[in-house]
Amino acid sequence: MAAASAFAITPHKVSVCVLLQMYALPTQATPPFSSVSQHNRLGLYILSLTKSYDDILEPKLEDLISQLREIGGSLGPWLIDHLTSRVSSLSSPDDLFTFFSEMRGILGGSDSVVIEDNQVILDPNSILGMFLRRCVLAFNVLSFEGVCHLLTNIGIYCKEVLSNCMPYELHRLDGSSNDLESLSECENMDLENFVFGKVNEEIEERKEATERVSFHLHATQAICGLVEDVEVVTDPRSKHHDKGTEDCPHVHHPGTESQDVDPYGEVFLRTNWQVQGYLMEQADAIEKHGGSVSFNTFELILRQIKKLAPELHRVHYLHYLNSLYHDDYFAAVENLHCYFDYSAGIEGFDFVPPSGSNNSARYEIALLCLGMMHFYFGHPKQALLVLTEAVRISQVQSNDSCLAYTLAAICNLSSEIGSSITAGILGTSYSPETSMGSSVSVAQQLFVLLKESLKRAESLKLKRLVASNHLAMAKFDLMHVHVQRPLLSFGPKASMRLKTCPVNVCKELRLCSHLISEFASETSTVATDGAFSTAWLKNLTKPMGSLVLTQENESGENFHALQFCAQSSSIPRSVLQILGSSYLLRASAWETYGSAPLARINALVYATCFTDSSSSSDTALVHAKLIQHLAAFQGYKEAFSALKVAEERFLSVSRSVLLVLKLQLLHERALHRGHLKLAQQVCDELGVLASSVMGVDMELKREASLRHARTLLAAKQFSEAAAVAHSLFCMCYKFNMQVENATILLLLAEIHKKSGNAVLGLPYALASLSFCQSFNLDLLKASATLTLAELWLSLGSNHAKRALTLIHGALPMILGHGGLELRARARIAESKCYLSDPSYSVFEDSEVVLDPLRQASDELQVLEYHELAAEGFYLMAIIFDKLGKLEEREEAAASFKKHVMALENPQDEDPLLNLL
Amino acid sequence: MSSRESCRSELRTAIRQLNDRCLYSASKWAAEQLVGIEQDPAKFTPSNTRFQRGSSSIRRRFHTNDVTSTPPAGVSYVSTPVMEEDEVVDGDFYLLAKSYFDCREYRRAAHVLQDQTGKKATFLRCYALYLAGEKRKEEEMIELEGPLGKSDAVNREVASLERELSILRKNGIIDPFGLYLYGLVLIEKGNQNLARTVLMESVNSYPWNWSAWSELQSLCTTIEILNSLTLSNHWMKEFFLASAYQELRMHNESLTKYEHLQNTFSFSNYIRAQIAKAQYCLREFEQVEVIFEELLRNDPYRVEDVDMYSNVLYAKECFSALSYLAHRVFMTDKYRPESCCIIGNYYSLKGQHEKSVLYFRRALKLNKNYLSAWTLMGHEYVEMKNTPAAIDAYRRAVDINPRDYRAWYGLGQAYEMMGMPFYALHYFKKSVFLQSNDSRLWIAMAQCYETDQLHMLEEAIKCYRRAASCNDREAIALHQLAKLHAELGRSEEAALYYKKDLERMEAEEREGPNMVEALLFLAQHCREQKRFEEAEVYCTRLLDYTGPVSSMI
């Protein structure tokens, strides 16, 4: 009984049966199908009707009719006419009985049926045949009451269309004919205002997105103006366009049709399979787009499902996801518990092997989910407790796959513990255990855990898990320093060698990518062919033969979905996501190791290939990386305009990533332009972001104090800058952030250089150099070499040769991978070396110095780095003076003056502000 | 409060009017109260007191602090003039319709009244339609059971009724009964705010309709809502407040109200049952038992609220009394959810959990929102070690009423049983939040913290401290507190709690291993503190107990 009743016969299904009959018995049709393709198209349409899951409710007759008009072409009116007349002719229970026994006739396999020519015999085992059989069966098990209900419902179903002068509005109209009624309705008609609500919500969100900056930066007119400007200039068209692509096209926004659940029972849920598919897709959408999915819209749909199918517990899970991504902790906890109380963890988890599961409860999955939820909300302690419990219960229940996943979750947790969810801009929000004692041993523990988890996943053949474990491993290798102790000596005095292993990172990343060739056997069939049907139905508006879609298609997302689905085996989204993150990690790795082009290429690959499948926060991260790159290589103008586009696109999601980026860029630029006050404010802002309510983000904190030190340096407060850098160094050392220390040492060297104590700076530079060497930070090493050279140079002209050799050694790296600033610095330093070398004479080969200086000043002008630019022009002016080229000298001097003036009165004019 | 005589005459008229409008349960309630008013000795006749015997004995036993019936000063009760009927003689059609109605042929009744315009006729027509819709709804609920559970069937008359009644209300030609019906319709439509207003209007103009009061009460889910109501001071309001307080778990307030009401309605079975309910919630089982014994003697065929009595009997493990009760309600009306629940309780007490589940299931079939049956069924499943089913049952109870602390507690227990103490904590926290003066809940939570897996002793101590402060009957908390402090090496605190525990055991004249443990610890502690006399005292007391300890000394 349960199996039979799992498929209820509804008016819509009766309509589909009628269509099937038309499809199968084409001779009865007076105008037969003009072409095979037309016939096939009808078949495809019927197939899609039975499979698609774009909505939870079965379409009404009018929807069906309008779709038929789309696909039917010339045959459309005839199809519609036949359908409506056939359905509306069912007026007594006996008509229904006859109808369904006729339906049995178009199934093949029974001998009694007289086969007409041209008849398409439906294979009883084909999808459509099965559908038909289920309908017939569902009808046959109906009680008489059931038949009566069906008949009434068919009546209502038809009436709405046939009295087409007043379709659905009918109820509404006569319902609110008097104002008292509407008055009473007003009180609970929040649904009515829903559309407004949504718009308002969006506006609010938009405001919030922008105000968050201005709120914190309650100071300078400059920034406020800047932010205002961004808002004003925003192109409304691009706004609209971005909404279309980014505002999650998969989430179904209920229009008027689901505003109120019809009290008269004409609303039917689709089949269980379709609703599950819908829910799965929505879950994907929520996980992908995070907070940008409108909370209330979806909540409304869920409530509707709950009302129509109270035993469909998966709805609670969706409630959970929805509240999770809207940061509603209490609702999330409630719904999570509710879901697992009802379902006992059996419903709807793809990694539970369907055959092996003997319906025993799987509460360990509840623990796993709860743990991840706590992790998401930034409660690492609770998360750890819950996950430990999950490990124990999975062991007791011998649920190996859950154990593997739990271990992976623990790894993830312990590698990110202490840093808040707002991950740093570098993407690798790594900071070792802040509160857990000796961190080296914890790191080792994590390493063991990772290895263990990887082994387990491999033995269980959980391919996705294996891949993501490889990713985690790569991340670990990237950020952790391997401590190598000689085997024989123990104790604290044993010499330690620290190093990183880029080779391991590469290896792990490569292993991760193997996933794509292995996933083939794992396909979630529910998702794929249903998705195809859904996409097909959605694209009905396209002209005939629309499977060959053209690029003019506006909603790019659908197009991709269709293309993917049209392939024989599409790649599951989760696989794509893992692959995507491997590229993201690659980009971060190359960033760390100092190869700008490779980092950029990987980020670009991610941005072009994986944005559809990845979460929007990851996408925002990639955009942030690319924009950073842009700022370093093309200047701020480009970067800010790109940032504006990105901000528009990621309106509500992951604002923090873009916010941090914006602050970083503003800070850099302020430093270059000499706006020290502004720089300090931005820097303080960053500091505030680092220790938000959710917890301290070590990565961001380090960044903020580093920038603080640099600001102080720029303000020539050397001892303060040095003090800040020192304390920062201590902090990093304490938390075992060795890799970061290389940067800090370099900064210290820089401070000493600027303060004129070159001798003091030398050891720092050397230390930084050796750090870079052992951690394989090539670009940083080049820049440390440059600083070293500058230090030598400032010790006197007799060291110029040595400095020049150093610079020449670093130049290939700097010119290949360095940003504008580094390149310019290197060139100026090079020419300074030449100039201070006593054996060099300007008159012999002036181009050796002039050429680098020219290039440097060009680059610096792009960057608006006034101080350095002034230096470059100054040198040029002197050289021209020596050479007697007075005209050029004047020109250079004028430029020099301009930059010095700009540096001294930074508030003067800011072309970029106007541009933004 | 108005005099007994005026109450009586008001009620008599009200019963007639309610009966006239086929509002039977309200009229039943009013009649019960009418009989519950204490007779003046002058008119004392044996037939009148048939339902009032025996009750004085309860009063004697439990009215130690006899409430002298001084109503709170400054409250002036309005005596609403009894409503005048608009037509003195019912029309013939009305009589026919009422007969149809009484035979439960609602649609027919409504049809007969189609063209009648009097207020009474309009009301009866609408009410009949409403009930016809309800009946059809119940039937459809069975018919429409889909693959994923029952989708809520709706009363199809509601929309048209709402339209009609709202017009009537707007035009000011609606009587209090019509307002009551309008309130019902609005509740069905989910428009709670308007429903509250409408029901308030109804009870203010006609206070004797208890059904209206109870609908209003179901809409008062928080004390804020309750306080925001503007109700005229009629004595019926006291009944309403008492029952509302009870629903809001303000048991003591509600008890006071009921005791006050008992001055006038001293023989009301309803009030007695409500008092029993409040006492039950305060876990005064002895009193509940006495009250119910009396009640059933007066009213032997009563089924309402008797399931609570069975719970008490269950808790006291009175096998034969429970079986007798089960037999009696079974003979009275076996298809009442309460009856099924009592039988379920009986089987559960006998340890026949499968059968017990069967009867709870039947109770739920009769009323799927029957809260206590879900919870009790959960308990049975726990006994049967079918934790998933238990969790499911408890969860349904919680979804019906999220303030049911027993079900939350049951959920916690079920998860704890499966070895998921941290997960269970969530549920214990919920239950403790709802019933923060119940030591059992605190102890359960403390035990969760104490488990080997969590081992969060500080939190456990906090919970035990709460438990100890709210009258821990089984005296677990003090002992555990002492033990935990000892474990954490805080011997001063441990000694303090052991001493308290010891005092308590002495006061209650209990002995046992706990006593030995306490004495032993105190003796050792005093010895370490070099307070040898005290240590000696404890040691001597220890000698009274046989076993390894005394031989150790």
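Modeller: What follows is a series of questions and answers on this model, which is predicted.

Biologist: How many helices and strands does chain B have?

Modeller: Chain B is 553 residues long, and buried residues make up 52% of it. Its accessible surface comes to about 25700 Å², with 51% belonging to carbon and sulfur atoms. As for secondary structure, chain B has 30 helices and two strands.

Biologist: Is helix 12 of chain B largely enclosed or largely open?

Modeller: Helix 12 of chain B covers residues 235–247 and reaches 19 Å from its first C-alpha to its last, close to the 18 Å expected. Its buried residues include W235(B), F239(B), F240(B) and Y245(B). Because twelve of the 13 residues are buried, the rest of the structure leaves helix 12 of chain B largely enclosed.

Biologist: Which helices do the buried residues of helix 12 of chain B pack against?

Modeller: Packing here rests on contact, meaning heavy atoms within 4.5 Å. By this criterion, the buried residues of helix 12 of chain B pack against helix 1, helix 2, helix 10, helix 11, helix 13 and helix 14 of chain B.

Biologist: Which residue just after helix 12 of chain B takes a positive phi?

Modeller: The helix itself ends at residue 247. Just after helix 12 of chain B, a positive phi of about 65 degrees is taken by R249(B).

Biologist: How are the rings of Y206(B) and W208(B) arranged?

Modeller: Over all chains, the structure holds 39 aromatic pairs. In the pair of Y206(B) and W208(B), the ring centres are 5.1 Å apart and the planes stand at 80 degrees. Planes over 60 degrees apart count as edge-to-face, so the arrangement of Y206(B) and W208(B) is edge-to-face.

Biologist: How many residues apart in sequence are the parts that the pair of W210(B) and F239(B) ties together?

Modeller: The ring centres of W210(B) and F239(B) are 6.4 Å apart with the planes at 75 degrees, so this pair is edge-to-face. Both W210(B) and F239(B) are buried. Because W210(B) lies in helix 10 of chain B and F239(B) in helix 12 of chain B, the pair ties together parts whose separation in sequence is 29 residues.

Biologist: Is K716(A) buried or exposed?

Modeller: K716(A) is found in the loop between helix 33 and helix 34 of chain A. Its phi is positive, about 65 degrees, although K716(A) is not a glycine. The relative accessible area of K716(A) is 53%, and over 50% counts as exposed, so K716(A) is exposed.

Biologist: Is K753(A) buried or exposed?

Modeller: K753(A) is found in helix 35 of chain A. Leaving aside its neighbours within four places in sequence, K753(A) is in contact with E790(A) and L791(A). Its relative accessible area is 18%, and under 20% counts as buried, so K753(A) is buried.

Biologist: What is the relative accessible area of K385(B)?

Modeller: K385(B) belongs to the loop between helix 20 and helix 21 of chain B. Its phi is positive, near 60 degrees, in a residue other than glycine. K385(B) is exposed, and its relative accessible area is 65%.

Biologist: Which residue with a positive phi follows helix 26 of chain B?

Modeller: Helix 26 of chain B has twelve residues, and among its buried residues are L478(B), L481(B) and L484(B). What covers the buried residues includes helix 24, helix 25, helix 27 and helix 28 of chain B. Helix 26 of chain B is followed by a residue whose phi is positive, near 75 degrees, namely G489(B).

Notes: Residues are numbered from 1 along each chain as its sequence is written. Chains are lettered from A and ligands numbered from 1 in the order in which they are written. This is a predicted model: local features need pLDDT of at least 70, side-chain atom pairs count only at pLDDT 80 or more; totals for chains, interfaces and linings use all residues. Side-chain values use heavy atoms; hydrogens and water are left out. Helices (H or I, at least four residues) and strands (E, at least two) are DSSP runs, numbered from the N terminus. The expected span of a helix is 1.5 Å times one less than its number of residues. Buried means under 20% relative accessible area, exposed over 50%, partly exposed in between (1.4 Å probe, protein chains only). Rings of Phe, Tyr and Trp (its six-membered ring) pair if their centres lie within 6.5 Å; planes under 30 degrees apart count as stacked, over 60 as edge-to-face and the rest as tilted. Accessible areas come from the Shrake-Rupley method with a 1.4 Å probe; for residues, only the protein chains shown count as cover.
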